[in-house]
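Biologist: I am new to this structure. Can you walk me through how its features get their labels?

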Amino acid sequence: MEARQTNISSEYEPAVVNRRRAPRAPVSLDAKLGRGGLDRTLCRITDLSREGARIRSYSALKKDMTIWLTLPGVGQVAAMVKWADDFEAGCLFREPLAEHTYENLVEVGAV
């Protein structure tokens, strides 16, 4: 008895899920973390969107904490830490940046 061989082929495209609300741009921006005068510490913004940023800091950050970032040429913005891993964190701005503000920061911090 001869066995029949069946060739089945199918094409598929893997689903790509992008959870981000807005596109991010790689940047290198010096910023300050904290509110007021003496309690501020330096941090670096490594990517940026109108909705949030990834930062590196000398201060340990924790998920769900509210932080204040002083952005160059912008001033202080409030943000919620959405994830944190040692001294790196992703945060969501309380209010999205204006389009022109975002574009200026990306230009200044272009890598």
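**Pairs, turn and core**

Modeller: Start with a facing pair in this predicted model. Tryptophan 68 stands opposite alanine 78 in strand 5.

Biologist: What makes strand 4 and strand 5 a pair?

Modeller: Pairing needs at least two bridges. Six bridges join strand 4 to strand 5, so they count as paired. The two run antiparallel.

Biologist: How many residues lie between them in the hairpin?

Modeller: Three residues lie between strand 4 and strand 5. Glycine 73 sits in that turn, with a positive phi of about 75°.

Biologist: Why are strand 1 and strand 4 called paired?

Modeller: They have two bridges, and the cut-off is at least two, so they pair. The sense is antiparallel. Leucine 33 stands opposite leucine 69 in strand 4.

Biologist: What does leucine 69 touch, beyond its neighbours within four places in sequence?

Modeller: Its contacts include Leu33, Cys43, Ile55, Val77 and Phe93. Each is called a contact because heavy atoms come within 4.5 Å.

Biologist: Which residues of the largest nonpolar core touch the most other members?

Modeller: Leu69 is one of them, with Ile55 and Phe93 also among them. The core has 23 residues. Strand 1 gives the most, with five residues.

Biologist: Where is aspartate 64?

Modeller: Aspartate 64 is in the loop between strand 3 (52-57) and strand 4 (66-71).

Conventions
Residues are numbered from 1 along each chain as its sequence is written. This is a predicted model: local features need pLDDT of at least 70, side-chain atom pairs count only at pLDDT 80 or more; totals for chains, interfaces and linings use all residues. Side-chain values use heavy atoms; hydrogens and water are left out. Helices (H or I, at least four residues) and strands (E, at least two) are DSSP runs, numbered from the N terminus. A nonpolar core is a set of buried Ala, Val, Leu, Ile, Met, Phe, Trp, Tyr and Cys residues joined through side-chain atoms within 4.5 Å. Buried means under 20% relative accessible area, exposed over 50%, partly exposed in between (1.4 Å probe, protein chains only).
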